[in-house]
Amino acid sequence: MTTYKERNEIRADVPPKLTIAEIFEILADGEVPFRFTAYDGSTAGPEDAQYGMELKTPRGTTYLATAPGDLGMARAYVSGDLDITGTHPGDPYEVLKVMEEQLQFRRPSALTIANITRSLGWELLRPIAPPPQEALPRWRRIAEGLRHSKTRDAEAISHHYDVSNTFYEYVLGPSMTYTCAAYENIGQTLEEAQENKYRLVFDKLRLKEGDRLLDIGCGWGSMVRYAARRGVKVIGATLSREQAEWAQKAIADEGLSGLAEVRHSDYRDIEETEFDAVSSIGLTEHIGVQNYPAYFGFVKSKLRDGGLFLNHSIARPDNNRSARAGGFIDRYVFPDGELIGSGRIITDIQNVGLEVRHEENLREHYALTLAEWCKNLVDNWDACVAEVGEGTARVWGLYMAGSRLGFERNVVQLHQVLSVKLDDKGRAELPLRPWWT
């Protein structure tokens, strides 16, 4: 049993409590590259820094402490408890770039962790409910069905796409195209590049008047309408009810109802067959890597002999890492989304018996596309906030700016893979060399 004197001596050896800024400096590996300020009045980093980060509330500290990494920071930022200064919330690209290049975190010693814990107090370390924009964790989604079941896929798609058609109109622009554009040069506008992307897909699929196209995961039907304007008969399918309703109205407004339709449907429920071509633009990310064989097998079953399939999707730069998305992307952007390298995509297309004829990487094009979407969000910020709330608008600014950085740094890529269904003698009547420009 210790004496009073001994107890006081022990207390004298206890280090003083740390401020929030001191904790931040301890965790940062090297100099803090921006100005950091906290609600307790403490600061870190250069006073004249171009960019800053302000931790405004104890709740923000709880988010950061109870979910370290990108998820905790996203929670604090989306909820408004963490602010970034020197840039617009619709496009925090420059701050993210500085953080990626100049800020690294280190794991402190057990003694330091104990002092940080004591300084913060247990009250700030108790987990609290995340912002309402956050999806359920993976283990709780089982109530919605097994991963990539029809029910769970519908929930995941709805979380991301049934935000607000009006909001998407502000961000995406007139093309209402939520996939990578294809730029002929960096001087092209976003709308010109999106039109060029559909032209590229149309030409790769060798579509002509009277042909039949199935567009899986068709979004707001932009590919559907592009093809229908050129006399192609098109069926589009999307799991988003809001997308389907918007697309059907756009089809009717253009007088294309005799050629085109967009169904609110799981692609697995499409019964028609013998299509001349199938396009899948931005859907493979939602399929699940283990389901690629079934998916590509389904596509093959829908094609006539000699029919072409164009798969356009985000991919990782290799095939060695986990396909699952990180915490922020999985909880705020694409629940159950999975990415793998183009090698796995090509392998599984080949393994179902489709012959791969061409592949290309449009990685830099997606960085340019995302920069334009962020610009649209900035230009329409007040209207977007009025439509969906500031938290959701912040999610999109953070997600798109971070994704732009990812495409620039080769963290992710965008691949188009063109394949053909051969007849039973292994033939397809195709030109000897690529027939598109």
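Over residues 167-419 I read 46% helix and 20% strand, with the end C-alpha atoms 35 Å apart. Helices (H or I, at least four residues) and strands (E, at least two) are DSSP runs, numbered from the N terminus. UniProt, in an unreviewed entry, places the feature "domain: Polyketide synthase-like methyltransferase" at these residues, 167-419. UniProt positions are in the numbering used here, feature names are shortened, and annotations may be inferred rather than shown by experiment.

I note that this is a predicted model, in which local features need pLDDT of at least 70, side-chain atom pairs count only at pLDDT 80 or more, and totals for chains, interfaces and linings use all residues. Residues are numbered from 1 along each chain as its sequence is written, and side-chain values use heavy atoms, with hydrogens and water left out.

**Entry: the sheet**

I traced an open sheet of seven strands with mixed pairing, in the order S7-S6-S5-S8-S9-S11-S10. Strands S7 (260-264) and S10 (355-361) are the edges, each pairing on one side only; two strands pair if DSSP finds at least two bridges between them. Neighbouring strands are turned by 15° against each other on average, direction ignored. Helix H13 (residues 292-302) packs on the sheet and touches S5 (212-216), S8 (275-281) and S9 (303-315). The direction of H13 makes about 145° with that of S9. Axes are lines fitted to C-alpha atoms, for helices over the stretch in contact, and angles run from 0 to 180 degrees between N-to-C directions.

**Entry: strand S11**

I looked up the pairing of S11 on both sides. S9 and S11 are antiparallel over eight bridges, and Ser313 has His415 in S11 as its bridge partner. S10 and S11 are also paired in the antiparallel sense, over six bridges. There, Val356 stands opposite Ser419 and Glu360 opposite Gln416.

I then checked cover: eight of the eight residues of S11 are buried, where buried means under 20% relative accessible area, exposed over 50%, and partly exposed in between (1.4 Å probe, protein chains only). Gln413, His415, Val417 and Ser419 lie on one side, and Leu414, Gln416, Leu418 and Val420 on the other.

**Entry: Gln416**

Gln416 counts as buried because its relative accessibility is 0%. Its side chain makes a polar contact of 3.0 Å with that of His312. A polar contact is a pair of N or O atoms within 3.5 Å; within protein, one must be able to donate a hydrogen and the other to accept it, and residues adjacent in sequence count only if both atoms are side-chain atoms. Leaving out residues up to four places away in sequence, I found that Gln416 touches, among others, Leu200, Lys204, His358 and Leu362 (contact means heavy atoms within 4.5 Å).

**Entry: nonpolar cores**

A nonpolar core is a set of buried Ala, Val, Leu, Ile, Met, Phe, Trp, Tyr and Cys residues joined through side-chain atoms within 4.5 Å. In the largest core, of 71 residues, Phe36, Trp373, Trp396 and Met400 touch the most other members. H18 (390-408) gives the largest share of this core, nine residues. Met400 touches Val171, Leu370, Trp373, Cys374 and Leu377, not counting residues up to four places away in sequence. I also found a second, separate core of 30 residues, including Met223, Leu418, Val420 and Trp436.

**Entry: helix H4**

Seven of the nine residues of H4 (residues 70-78) are buried, among them Leu71, Arg75 and Tyr77. H18 is one of the elements covering them.
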